[in-house]
Amino acid sequence: MFHLDNLTFSLLVYGGSMLAGLLGSLTGLGGGVVVVPMLTILFGVDIRFAAGASLISVIATSSGAASAYVKEGYSNIRIGMFLEIATTIGAIIGASLAGIIPANVIFIIFGFVLLYSASSAFLSKKDDFSDVNEDKHAKLFKLNGSYPAAQGKKEYSVQKVPFGFGVCSFAGIISGLLGVGGGAIKVIAMDRVMKIPFKVSATTSNFMIGVTAAASAGIYFKNGFINPSLVMPVMLGVLTGAFVGAKVLKQTSSKFLKILFSIIIIVMAFEMFRNGLK
Amino acid sequence: MKNNAVVNEKLDFKIEIILGNLLRIGVITAAVIVLFGAVMFIIRHGVEYPDYHLFISEPFHLNDFSKLFSGLAAFKSIAFIELGIFALVATPVLRVMFSVFAFLYEKDYMYVLFTAIVLAVLIFSFFF
């Protein structure tokens, strides 16, 4: 591995993280998922330091974007808070496992999560409200709500609450284990399982990501995963990219970018497998 | 008599706006502190060579803030970056704390409980 001084290293990592944050926000896939492979594959950073830096940047982008999402009126604080019980407990389990599981196993799990993220970009974003019934848990926990649509307020009723809660704890484990936001899995839980409208699940999940990642952060600190001088360019870079992305986003997300980003993610997935099998 | 089972969506929306702004202020504050530390770090250590390839665990315990404070007093760049990282991690925790009071204000005691559970999990993760 070539050896860089702090200035060059920080600038390169800053640039790479900015690109990750930009592509992540433009495609809606989140930048966190490519930050870890970028740091480990391109810069030879230990995967534990990489996960620590990525986790912190995930908190930054999720919290920074929240106010913009909130104003659109889609997010549902009750669904978010209810599911955060599952994601935060999962995150503690995942972060604790990250301190025990050998690095090469983490590489392989990461590879699978990357492949999954790439495929999730092409899943249909159409809401499917067939066979929607009144769900007793959704009613009990006051999860049903409405969101602004072209024809006025649109109501939705949440389905299969216990199953969705379970998938969210799994999302929390993955987030804590790999230092990623786990947004793609959270959206699946909410969108596919619980039949929450796509816009509502996407914005609510963004709210949840910061809290979920914060639950892992305490354990990452204790295990020494958070290296301040490495976190610095990653966090600032991803934030810059996400900020620029949010400004550009207003003009529809492009299909070309999605395909490009997915190809990058798939290549990274195979690199992660290769690292894990070394 | 107000029916507690009915969700007041207007009030919810207002609370979410406040929460969203709270998060944004937290992130901006954190980023500014980290940036300050970053500039100092690059000026002082720019030509040194880092080694992130080797994992050397330097555990940081949250009950050991004295080291951070002495670092800040000595104007160490790393201490400022650390402070910014703490400010950032504290931001979502503050949001959850604020939500406890927001649900209390709405008299939604079920969600006061749920939010308190999330807060307890977060506090547990930092101090256990």
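This is a predicted model: local features need pLDDT of at least 70, side-chain atom pairs count only at pLDDT 80 or more; totals for chains, interfaces and linings use all residues.
**Entry: Phe165(A)**

I started with Phe165(A). I found Phe165(A) in helix H7 of chain A, which spans residues 161–178.

Next I listed contacts, leaving out residues up to four places away in sequence. Phe165(A) touches Phe82(A), Leu83(A), Ile85(A) and Ala86(A). I also checked the separation from Ile56(A). Ile56(A) is 109 residues from Phe165(A) along the chain. Their C-alpha atoms lie 25 Å apart.

**Entry: strands E1(A) and E2(A)**

I then looked at the strands. E1 of chain A covers residues 145–149, and E2 of chain A covers residues 152–156. The two pair in the antiparallel sense, over five bridges. How many residues join E1(A) to E2(A) in the hairpin? I counted two. I noted that Ala149(A) sits opposite Gly152(A) in E2(A).

**Entry: Thr204(A)**

Last, I turned to Thr204(A). I placed Thr204(A) in helix H9 of chain A, residues 198–223. Thr204(A) has a relative accessible area of 1%. That is under the 20% cut-off, so I logged Thr204(A) as buried.

Which backbone oxygen does the side chain of Thr204(A) reach? I found that of Val200(A), at 2.7 Å. I then set aside neighbours within four places in sequence. Thr204(A) contacts Tyr74(A), Ser75(A), Asn76(A), Ile79(A), Gly80(A) and Met190(A).

Terms used: Residues are numbered from 1 along each chain as its sequence is written. Chains are lettered from A and ligands numbered from 1 in the order in which they are written. Side-chain values use heavy atoms; hydrogens and water are left out. Helices (H or I, at least four residues) and strands (E, at least two) are DSSP runs, numbered from the N terminus. Contact means heavy atoms within 4.5 Å. Two strands pair if DSSP finds at least two bridges between them. Buried means under 20% relative accessible area, exposed over 50%, partly exposed in between (1.4 Å probe, protein chains only). A polar contact is a pair of N or O atoms within 3.5 Å; within protein, one must be able to donate a hydrogen and the other to accept it, and residues adjacent in sequence count only if both atoms are side-chain atoms.
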